[in-house]
Amino acid sequence: MRNREAVKSILSSLIAIAFGLLFGFIIIFIVNPNQAFRAFSILIQGGFYRGLRSIGQMLYLAIPIMMTGLSVAFAFKCGLFNIGTPGQYIVGAFAAICVAINVDIIPYSILWIICLIAGGLAGALWGIIPGMLKAYKNVNVVISCIMMNYIGMLLVIEGVQRFVYNPMGAESFAVPVNKAIPKAGLDKIFAGSSVNIGIFIAIGLCVLAYIIMNKTTFGYELKACGYNSEASRYAGMSEKKCIILSMGIAGFFSGIGGAIVYMSGTGATIGTAEVLAIEGFNGIPVALLGFNNPLGVIASSIFIAHINLGGNFMQSVDIAIEIIDIIVASIIYFSSFTLYIKLYLDRRRSKRELIATQGGEE
Amino acid sequence: MEYVIEMLNITKEFPGIKANDNVTVQLKSGEVHALLGENGAGKSTLMSILFGLYQPDQGSIKIKGKEVKINNPNDANKYAIGMVHQHFKLVHNFTVLENIILGAEDTKNGFLHKGRARKKVLELSKLYNLNINPDAYISDITVGMQQRVEILKMLYRDNDILIFDEPTAVLTPQEIHELLNIMKNLIKEGKSIIFITHKLNEIKEIADRCTILRKGKYIDTVDVKTCSKETLSRKMVGRDVDFVINKGEQVLGETILKVENLSYLPKHSTKPVLDAVSFEVKKGEIVCIAGIEGNGQSELVYSLAGMMPITDGKVMLHDEDITHSSIRDRNLLGMAHIPEDRHKHGLVLDYTLEENLALKNYFTKENQKQGFLNFKTINERAKTLTDTFDIRSGQGAKTIVRTMSGGNQQKAIIAREVSNDADVIIAVQPTRGLDVGAIEFIHNQLVAQRNMGNAVLLVSLELDEVMNVSDRILVMYEGKIVADLSPKEITVEELGLYMSGSKRGKGYEK
């Protein structure tokens, strides 16, 4: 039963992607009919277009959305819609930068680990607050998460100006290369790309989340609470504990995502413009496409990075960057139809099966 | 005699199962024709075919002697066939009138025109004695009232053939009585009724003829008057069913559950839902809480199980005060709870059978090690339980519980609760909506627990169950215990008097 379920999930994700690509092709065809096939082929080649260099870049781009996607997926298993990923992501990034810039007494070989943990904890705090509001006061998680996004973003701007301000660019300092996450030879394999061992950390956390969810008593409680909170309460589980912990862990993942990106030694800085981190929101389609499964999130985040990169490369055939954004966005948008497609597949099957086995039942 | 509807030699096959195998049902004009069968016997499939939701693989449908094809529910409506589904199809924030006309609205230049509809609805409700307030909102009226709205929906559409799908499953004894009267009125006015049920008493009371299905096969059509309940149930289940439970000798032990002055006053209310309830349950007895629905039984159970805070009073289990204990602590102290609503509380429907069977002991030493679940022991235990309790499911322990039949879902809950070494088992309407075979099984399980020296607190609305299973009956009325009776010393009629509040037991006078 479970296996068949998994096949159906993957199948519906693939169908959704196919629809998205078809739609993308139609747009390309309308914009630039002469070069449509060439542009489309570049888009599909995506992260593989420039060989190892672009593969490395694809993996690098996958890191933040893998973590925010995992964050959304993890909370969703407990029945919570964590739309607070942009806030958790940016406070995580800020905490990591803060520690990296201001702490000099710790050897650099372990400083980056402490920075990542600081980022994760800051994100966790940003997740726990809406979790506690939900658990103790039944405040809608979506609303408090959106509030926390703005509070986080504005506090980070204030914090940047106070603690790590670089007046030259009206932004934070960048984390210097010698304090960054090590590359461990990845820079040799994927020469010219920004990828570092952060990708292993991200994938490792996805696997860890998968194990928590499927092998531990905590995951068992968490899912029970997500599927049917009344029944989990009846069975003596603590719904409050599930909600708070799952939001905290979800926030931790987003925060680490932000930390990894700004600790990559690419010169990335936090600006002082009032915009929510897009990597946070992009976690939502990643989670949907990955069927809220941590392992699925690995695949879907890499796919979305792949398409994004393909979009960038399409500029070489004279397609405006805005149009590319539209194309990529619509592919991602279509990808969110996975659930709908799965529902359709389910219905086709269950119409035949369920009634047959249940027969005259209730 | 003319048949209004004939379903002849209907066969309907789904992958892996023959839901209907050469089934014939003929409905005479002006009769109540019962369709009897266990869960999964194919009753609903058959009615779905008549209602146009499925097409039969073989066989034909004749209406008034003419062969017809029913492709969808609109066709069914055209042939004046209407159906009251077991789970009502009503819009809760619409009024009664709006629900009745929904889908068949009178309009004038695109605007709703309710005047004529209201008149017709009021006429119908008078004619058939279906008292309703057309302007009440569905969310504000009782389940019995909602069912009347469903009936009026059919009548409003001038349906002559009415299908009732297990209409009494959700009703209180009083409401059932009223419904049966309504059905008699409908027949008097020339309607014909197909009545799907597995309650033999109701068939005996109202049906003229009865068609019995078993595992998709047609068994027989009998004249109800000349057929005993025992024969009906034998035909339905395929074997003899005991109506009288042989409980065996009672060995009473010490008091194990003690409730003192339990009270519950909801916020913003002056009328207590539980009013100083006190009683004791001893080892080796089945104590039944009888009463009409809504007299505080559900709240009593929730507060005993720790799912609801109480205003005042004390609950003792094993001489330990558990008034403020958590649900988990109560379970560990030996309290099992078979909940009233198996979908809401009893099961995580999207979990597998084995996961559901572990719901109350996944955290024990055998089932986990340092926070990691031991799937092997969980699976082995599930296999043992499915064997001993005869839980049937498509893929064994790995079946998603949602896809299982109601009877088997209930068996799974009972298996879980009974196997946890509990000393007190609280069972709330454990047989609701189940067929005779499953009911017999569950009753036997409860009796077995009693004979093992455990205490059973049974909450039931079914008078037969109350009289047959219990050793002692506590009657609840308006949040109070009003009588402590022995089933051997009273009749069902007397019990009804206590339940309706017109009589009080010794020691419980006002």
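Residues are numbered from 1 along each chain as its sequence is written, while chains are lettered from A and ligands numbered from 1 in the order in which they are written. As the model is predicted, local features need pLDDT of at least 70 and side-chain atom pairs count only at pLDDT 80 or more, whereas totals for chains, interfaces and linings use all residues.

An automatic or database domain assignment, the origin of all domain bounds here, divides chain A into domain 1 (1-35 + 318-362) and domain 2 (52-302). Their C-alpha centres lie 27 Å apart. The contact between them (C-beta atoms, placed from the backbone, within 7 Å) takes seven residues from domain 1 of chain A and four residues from domain 2 of chain A. On the domain 1 side, the elements that give two or more residues are helix H1 (2-31), helix H14 (321-335) and helix H15 (338-358) of chain A. Helices (H or I, at least four residues) and strands (E, at least two) are DSSP runs, numbered from the N terminus. By class, this side of domain 1 of chain A has two nonpolar, five polar and no charged residues. Here Ala, Val, Leu, Ile, Met, Phe, Trp, Tyr, Cys and Pro count as nonpolar, Asp, Glu, Lys and Arg as charged, and the others, Gly among them, as polar.

Two packed helices are described by the angle between their axes and the distance between the axes. Axes are lines fitted to C-alpha atoms, for helices over the stretch in contact, and angles run from 0 to 180 degrees between N-to-C directions. The axes of H4(A) and helix H6 (residues 141-163) of chain A come within 8 Å and cross at roughly 20°, so H4(A) and H6(A) are roughly parallel to each other. Angles under 35 degrees count as roughly parallel, over 145 as roughly antiparallel, 65 to 115 as roughly perpendicular and the rest as oblique. The crossing of H4(A) and H6(A) is left-handed; that is, the near helix is turned anticlockwise from the far one by less than a right angle, and right-handed applies if clockwise. Residues of H4(A) in this contact include Ile90(A), Val91(A) and Phe94(A), and those of H6(A) include Met153(A), Val156(A) and Val160(A). The contact has ten nonpolar, five polar and no charged residues.

With helix H11 (residues 239-262) of chain A, H4(A) packs at an angle of about 50°, with the axes 7 Å apart. H4(A) and H11(A) are therefore oblique to each other, and H4(A) passes H11(A) in a right-handed crossing. Among the contact residues are Ile90(A), Val91(A) and Gly92(A) of H4(A), and Gly255(A), Gly257(A) and Gly258(A) of H11(A). This contact divides into ten nonpolar, eight polar and no charged residues.

Chain B is divided into domain 1 (3-237), domain 2 (242-334 + 421-510) and domain 3 (344-419). The C-alpha centres of domain 1 and domain 2 of chain B are separated by 35 Å. Ten residues of domain 1 of chain B are in contact with nine residues of domain 2 of chain B.

Strands of a sheet pair through backbone hydrogen bonds, either parallel or antiparallel; two strands pair if DSSP finds at least two bridges between them.

Strand S16 (residues 312-317) of chain B is joined to S17(B) by two bridges, and the bridge partner of Leu317(B) in S17(B) is Glu320(B).

Note on methods: Two residues are in contact if their C-beta atoms, placed from the backbone, lie within 7 Å.
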